[in-house]
Amino acid sequence: MKLQGKNLTARLLVVALLIGFVSHMQQSGLYAAQEKTDADKVQQAFKDALAREKANDQAIKDIRKQISITKTAISKAEQSIADADITINEARREVAGLDIEIENLEQDLAIKALDGFISSSLTPQEADLSDLSISKNLAYQRSEFFFEKLTDTEADAVEQYRIARQNRAVALGNELNGEQIKAKNEQELITLQQQEKERNAEAKEIEAILDGLIEEIKVLDEVEQEIQSIIKERATQEAIDDGALSWPVDTPYITSPYGYRTHPVTGQRGKLHRGMDLRARTGASIYAAADGKVIAANYAGRAGNLVIIDHGSGKTTYYMHLSAYNTKVGATIKRGDLVGKAGATGSVTAAHLHFEVRINGVAEDPRNHIIGAQ
Ligand SMILES: [Zn+2]
């Protein structure tokens with residue numbers, strides 16, 4: 001089996017399992033029990049891996065949900081910062097506008113105050129002061145007097161001035177408030193971005209674990225299949241050890257089975273066909289169906305060139321119509337050894353192998369003796 005796993009855990013697991021296998025296979029006996037234990041172990045590991053996959057899958061879903069929540073919070077903070085910026089800029093523009101208005105009103109009032117003052121309360125020397133700002137200060141210093149004598153127009157100007165100062169204070173308050181909101185959200189944004197970064201790293205970690213698990217599950221699946229195929233092979237081996245036979249040709253295809261042939265038109269039961277006919281071109285390899293001793297390798301009339309192998313316990317196999325022999329009488333033979341070449345000797349219309357199995361001399365259906373023929 002190929003080790004394609006990128007994941008170290010999966011690789012180590014497989015290596016451990018395979019080492020376990022080889023050591024089991026090297027021991028005689030206990031095959032079935034050992035393999036069942038191996039199969040159980042792999043199945044347990046498979047289940048564990050699936051459970052871990054499920055848990056990690058849930059974890060990644062949770063973390064993705066958290067990341068999504070964090071992202072929403074980030075855009076909310078960013079929106080708040082943008083809103084605060086608008087508020088701050090609006091407030092600054094308002095303050096700037098009010099500064100101009102206030103300055104104008106101050107000048108207006110100063111001039112009015114100065115006029116009123118000059119005409120009513122300043123001494124001629126004071127009124128002669130060429131510096132307007134000095135006169136203005138003097139006017140303010142005596143404002144009590146001045147305000148008592150306000151005309152309606154002057155009272156309006158004072159009220160406007162008061163409102164402008166008040167509005168400016170409100171605008172400054174708005175600006176400060178906006179700046180506080182902005183600062184708070186900027187701080188929160190940093191925290192959220194850090195959180196997002198951490199969660200992304202965590203997600204990446206879990207994803208790597210998941211990738212490893214998927215690989216591990218794949219490998220476990222392959223090991224499982226390997227075990228199943230070994231169990232199957234072992235079953236075949238056990239069948240052979242019990243005396244079962246192997247196919248005597250490479251690619252078995254039965255052209256005529258064992259049994260009574262019925263007449264194709266009358267349906268009348270005919271002669272017993274004592275063996276099975278297997279498709280085989282002249283020169284095709286014919287193998288011993290099991291270990292044994294060659295008791296015949298000669299021409300035998302209708303059977304043509306014939307090989308008979310004695311497998312002990314009263315079991316013999318017959319190979320007929322051969323074109324050549326690859327063994328001789330008295331030879332000890334192993335399962336799968338080449339005994340001859342297929343041909344069309346004897347009473348036949350075309351080349352094939354007529355294969356028989358006899359138990360104490362009585363022909364039986366070879367399909368009941370060949371592994372995998374049932
Ligand atoms: Zn035949």
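Start by selecting strand E6 (residues 292-299) and strand E10 (residues 332-333): they pair antiparallel over two bridges. Strands here are DSSP runs of E, at least two residues long, while helices are runs of H or I, at least four long, and both are numbered from the N terminus. Two strands pair if DSSP finds at least two bridges between them. Show the side chain of Lys293 and you'll find it opposite Thr332 in E10.

A word on what you're looking at: this is a predicted model, where local features need pLDDT of at least 70, side-chain atom pairs count only at pLDDT 80 or more, and totals for chains, interfaces and linings use all residues. Residues are numbered from 1 along each chain as its sequence is written.

Which residue in the turn of the E6 and E7 hairpin has a positive phi? Click on Gly301, at about 60°; five residues lie between the two strands.

Next, grab helix H6 (residues 152-241). Just after H6, pick Gly243, which has a positive phi of about 105°.

Finally, zoom out to the whole protein chain: six helices and 13 strands. Colour by burial and 21% of the 374 residues count as buried, meaning 20 or more other C-beta atoms, placed from the backbone, lie within 10 Å of a residue's own.

Terms used
A residue is buried if 20 or more other C-beta atoms lie within 10 Å of its own, exposed if 12 or fewer, and partly exposed in between; C-beta atoms are placed from the backbone.
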